[in-house]
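Reader: Walk me through the charged pairs here. Keep it short.

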Amino acid sequence: MSDNTKLTDVIMPQLAESLVSATIGKWLKQPGDSIEQYEPLCDLITDKVNAELPATVDGTLVELLAEEGQTVSVGEVIARIAVAAPEASSAPAAPAAAPSVGTAPQAQAASRPAAPNQAPAAGRPLVPAAAFDASAPMRSRYSPAVQTLAAEHGIDLAGVPGTGLGGRITRKDVLTFLDNGGASAARMSAAPAASAGQQAAEVTQQPAIQAIQEEVQDPTVPVRHSGLHLSETPRIPTIEVEGGRGSSSEYLIDVTPIRNTIATRMRQSVSEIPHAWTMIEVDVTNLVMLRNKLKDEFKRKEGINLTYLAFLMKAVVSAIKDYPIMNSVWAVDKIIVKRDINISLAVGTEDSVMTPVIKKADQKNVAGLAREIDELALKTREGKLRLEDMQGGTFTVNNTGSFGSILSYPIINYPQAAILTFESIVKKPVVINDMIAVRSMANICLSLDHRILDGVISGRFLQRVKENVEGYTPDTKVY
């Protein structure tokens with residue numbers, strides 16, 4: 001390190017008040033890379049949500065002190081950045097007027113040497129030829145922001161010029177590509193490009209590995225998930241595949257940090273919470289009629305779908321208000337009952353499960369809940385959930401019926417007291433007043449913490465949910 005530079009420590013931040021550590025998911029920069037302020041250094045994974053750690057200074061990354069997959073406590077140093085010290089010039093000042101306060105930052109920026117990935121000056125090529133080199137060392141390293149943006153617009157990143165170090169593609173590169181009409185060109189050439197890529201893959205890849213990679217990377221392959229966005233395209237999961245152990249009859253998938261976090265939380269829930277489980281059958285015929293009556297007008301007015309989940313959530317929230325013990329957590333020598341009813345939504349894909357939270361759900365009508373559900377589904381799909389979107393949940397609702405489930409035993413979202421699932425709506429013959437009628441029926445399943453809740457209170461709660469759901473009529477208002 002030269003005399004005119006100093007080292008700045010990058011420490012693990014406290015992403016939320018209750019978090020004491022985070023896991024390094026992936027380093028987006030390597031030693032020797034130039035760093036700009038606010039540029040992401042690495043992906044951080046917590047039991048709440050993923051986040052990118054931005055740089056706080058301009059400089060050069062010189063040392064990584066934590067490895068990918070390593071869990072680091074808050075306050076620990078994870079990397080060091082060499083920052084250029086301000087140089088004192090002995091030359092006399094030019095005979096020009098002093099800059100105003102508003103122009104000082106621009107003057108300082110102009111005096112800094114150009115960064116390697118800085119946009120070229122006018123008259124030079126927009127992108128250096130080396131950026132198109134597929135063998136560039138950083139060419140295939142994409143940040144989550146770049147992957148999300150490319151998936152949204154159907155862009156093949158192989159055709160996007162990269163201006164970052166080592167040919168790395170930045171978010172700005174993707175936006176520039178879009179502005180220049182690159183997405184249209186990519187769509188026009190998608191068919192022949194896909195054909196050529198498939199022929200190359202048949203020659204170079206093993207059949208087992210090729211099959212899993214095509215399934216993961218092809219956005220047209222439907223992905224099973226919890227149904228909050230059943231008709232929407234989920235985020236494309238990234239799965240790293242290794243060859244089988246001496247045989248082509250199997251392949252290995254690395255356990256990602258987020259999958260490891262999910263496993264830890266699920267193990268904690270089932271080991272610390274004594275689970276009990278119960279189910280009730282609900283006649284949703286009137287609810288089906290009500291939704292069919294309102295859904296088209298609601299779609300035109302609000303621009304979003306009116307789902308069954310919004311009605312169910314309203315029924316659950318009303319039942320929690322009658323039985324507030326359902327909205328509680330175990331605290332060893334006491335039970336803490338939460339005043340705010342914050343509903344966690346279990347949103348899952350093949351890649352992960354997230355539980356974004358609708359805050360103060362008891363203060364919202366059906367339309368307001370539908371808007372919240374749509375907004376959180378969109379954030380989840382685009383990977384834009386923030387920590388505050390994941391915190392404060394007091395009771396979890398899951399729409400497992402959207403992928404055909406009729407019966408499920410959900411694991412409680414630790415440390416909550418209960419989780420409720422809404423199963424598939426199925427037409428069945430039902431006996432009413434000693435006569436057989438065809439009705440739309442659904443099961444509602446409840447897992448409960450038996451330290452807090454017993455069968456009597458849980459049964460009464462489910463009965464109240466049933467009454468609320470069956471109480472919808474064609475005249476019920478959603479506003």
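Author: Arginine 386 is partly exposed, at a relative accessible area of 43%. Partly exposed means between buried (under 20% relative accessible area) and exposed (over 50%), with a 1.4 Å probe and protein chains only. This is a predicted model: local features need pLDDT of at least 70, side-chain atom pairs count only at pLDDT 80 or more, and totals for chains, interfaces and linings use all residues. Residues are numbered from 1 along each chain as its sequence is written, and side-chain values use heavy atoms, with hydrogens and water left out.

Reader: Which network do salt bridges that share partners form around Arg386?

Author: A salt bridge is a side-chain nitrogen of Lys or Arg within 4 Å of a carboxyl oxygen of Asp or Glu. Arginine 386 pairs with glutamate 388, with closest N and O atoms 3.6 Å apart. Shared partners give one network: Glu375, Lys379, Arg386, Glu388 and Asp389.

Reader: Are aspartate 389 and lysine 379 buried or exposed?

Author: These two form a salt bridge, aspartate 389 to lysine 379, at 3.4 Å between the closest N and O atoms. Aspartate 389 sits in helix H11 and lysine 379 in helix H10, ten residues apart. Helices (H or I, at least four residues) and strands (E, at least two) are DSSP runs, numbered from the N terminus. Both residues are buried.

Reader: How many residues apart in sequence are the parts tied by lysine 428 and glutamate 281?

Author: Their side chains meet in a salt bridge, 3.3 Å from N to O. Lysine 428 lies in strand E20 and glutamate 281 in strand E11, so the pair ties together parts separated in sequence by 147 residues.
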